[in-house]
Amino acid sequence: MSARCALAATLALAALVAAAPVAARPSLDDASDVEGFVTGFLEAELRERHVPGAVFVLVRGDRVVLARGFGLANVAAQTPVDPKRTAFRVASVSKLFTATAVMQLVEEGRLGLDDDVNAHLRSVRVPEAFGEPVRVRHLLTHTAGLDDRFVGMAALTDEPPEALAAHLARRLPARVFPPGRAISYSNYGIALLGVLVEDVGGKPFEVTVDERILRPLGMPRSSFRPDAALRADLATGYARRGTDLRPLPWDSVLIGPAGGLVATGADMARFVRANLRGGAVDGARVLRPETLAEMHRTQFRHDPELPGVGLAFHEREHGPHRALEHAGDWGGFASLLQLVPESDFGFFLSYNVDDPGLRERFATAFLTRYLSVERPPLPEPAAGAQERARAVAGWYRWNRTTRADLTKVFAPPVHVVATGGGEVRIGSPGSPFDPLALREVAPDRYAASGGDEAAVFRTDETGRELFLSAFGLPLACEGLAWWQTPIALIGGAALFLAMLLSALF
């Protein structure tokens, strides 16, 4: 072929390539694409993972793009999920409403974010410790340094639960580390904010939220104290073991501000709209834009390069995109509310089964599809990476644990394994999430290849610490001494049992 012919052929090919249609990236503005993706994903999840039902609502700007129910609210009665009628227990997503009630008082000048909570509490006192008071901001960011409790938060009864202040007066956990040092997720810390709302506002927490948040936003099918009519439309929560589903009974949440809200998907869409529209829906305002912006602003991070928390909101970084969210799990329900303010959308998702891994799979798939992220390859580990990985390997425990009763022996440990080439695997026995595979990107800093998870290790005179960003949560772990590891504890228990049997026989 002559040079002239070759040039002509090249130009013709270039023209064909230029004229060929380029596949458009899926857009949230394409309602049919969104509905097709969400429907396909959730129907497959329900079918393949034996999930009874789910509700999903998506808000774009001030418009509800999609509101759908999937599967069954009650398997025995074959009741379908209806986004307008079926209520779900949103669990810890309730904390966002509690924080909103607190910020209304801040906005009115009746509270200050840096006030000592004891200056406003009348019915409960926070013990003095560490030479520093617990402040309102500490409770809103889970940095108050409170111990935790995992039993005694609910009662299997239809009777009105014990008064919130009375319960907290008996059950408030001890302070175990200085405030402002680290995030340690605290149900009781948020419940204490509920008492603060009562003591400052002069009304029961549930009444305050109903009058000042739910009614103004037009959420009539939502309540922290659901009546018989709303309870009748409550989805049944299920425990799933393999393919078997076991219905779970109703229980009364004794720390309601931390997890007691019951709501429909349609109502939750209005709360999402309020958060995207500066605190107002259809002319009804619950917060000023600057107050809401303060809630959404980063308030605390374990490390400058890790996501942190706003006021009650958790941060998730998906490449360059910043999402704000809160998840919740309670008695057969798993929920997630997520906002991406920069892209002007948010969604609420809830399942009536006890599997928090479901919402994480959906969030990852949804953000991957609709937010463009170019992920450069991770840098090759620097010299000495394998030695550093071995140095941080070992057993850790979540700093959110209980230290006051025997349930501490059941706290799941965290295992860090050096897998070679400057990589580590981080997992927790019994966790619903898969172990994380991370590679060193700088000394003692690790990131996932193709994912958003990241970890930072620190070692000082106080011991080893692991700060982790995963599953939409900022997490902190403490290194365990050799005698605290599961192997040592199991070995000690076996030795004790052997000595006991020897003595008996």
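Me: Is Leu-261 buried or exposed?

Reply: Leu-261 counts as buried because its relative accessibility is 0%; buried means under 20% relative accessible area, exposed over 50% and partly exposed in between, with a 1.4 Å probe and protein chains only. This is a predicted model, where local features need pLDDT of at least 70, side-chain atom pairs count only at pLDDT 80 or more, and totals for chains, interfaces and linings use all residues. Residues are numbered from 1 along each chain as its sequence is written, and side-chain values use heavy atoms, with hydrogens and water left out.

Me: Where does Leu-261 lie?

Reply: Leu-261 is in the loop between α9 (256-259) and β10 (262-264). Helices (H or I, at least four residues) and strands (E, at least two) are DSSP runs, numbered from the N terminus.

Me: And which residues does Leu-261 touch?

Reply: Not counting residues up to four places away in sequence, Leu-261 touches Phe-88, Arg-89, Val-90, Ala-91, Ser-94, Phe-97, Ser-222, Ser-223, Phe-224 and Met-268. Contact here means heavy atoms within 4.5 Å.

Me: Cores next. How many residues are in the largest nonpolar core?

Reply: That core has 76 residues, and Phe-97, Leu-140, Leu-168, Met-268 and Leu-337 have the most contacts inside it. The largest share, 9 residues, comes from α6. A nonpolar core is a set of buried Ala, Val, Leu, Ile, Met, Phe, Trp, Tyr and Cys residues joined through side-chain atoms within 4.5 Å. Another core lies apart from it, with 29 residues, including Phe-41 and Phe-362.

Me: What is Leu-168 in contact with?

Reply: Leaving aside neighbours within four places in sequence, Leu-168 contacts Val-124, Tyr-188, Ala-191, Leu-192, Val-195 and Ile-255.

Me: Back to α6, then. How many of its residues are buried?

Reply: 14 of the 15 residues of α6 are buried, so this helix is largely enclosed by the rest of the structure.

Me: What span should α6 have, and what does the model give?

Reply: At 1.5 Å a residue, the 15 residues of α6 (residues 187-201) should span 21 Å, and the end C-alpha atoms are 21 Å apart, which agrees. The expected span is 1.5 Å times one less than the number of residues. After α6 comes Gly-202, with a positive phi near 85 degrees.

Me: Switching to strands: which ones close into a barrel?

Reply: 8 strands do, in the order β17-β18-β19-β20-β21-β22-β23-β24, with antiparallel pairing. From one strand to the next, the twist averages 30 degrees. Axes are lines fitted to C-alpha atoms, for helices over the stretch in contact, and angles run from 0 to 180 degrees between N-to-C directions. Two strands pair if DSSP finds at least two bridges between them.

Me: How many bridges join β23 to β24?

Reply: There are 6 bridges between β23 (residues 463-470) and β24 (residues 473-479). Leu-466 has Cys-477 in β24 as its bridge partner.

Me: What about β1 and β2?

Reply: β1 (residues 53-60) and β2 (residues 63-74) pair in the antiparallel sense over 8 bridges. Their hairpin has 2 residues between the strands, and Gly-61 takes a positive phi near 70 degrees there.

Me: Last one: what pLDDT does the chain average?

Reply: The average is 91, and 91% of the residues score at least 70; pLDDT is the predictor's confidence in each residue, from 0 to 100. Over residues 1-22 the pLDDT is below 50. Where pLDDT is low, the predicted coordinates should not be read in detail.
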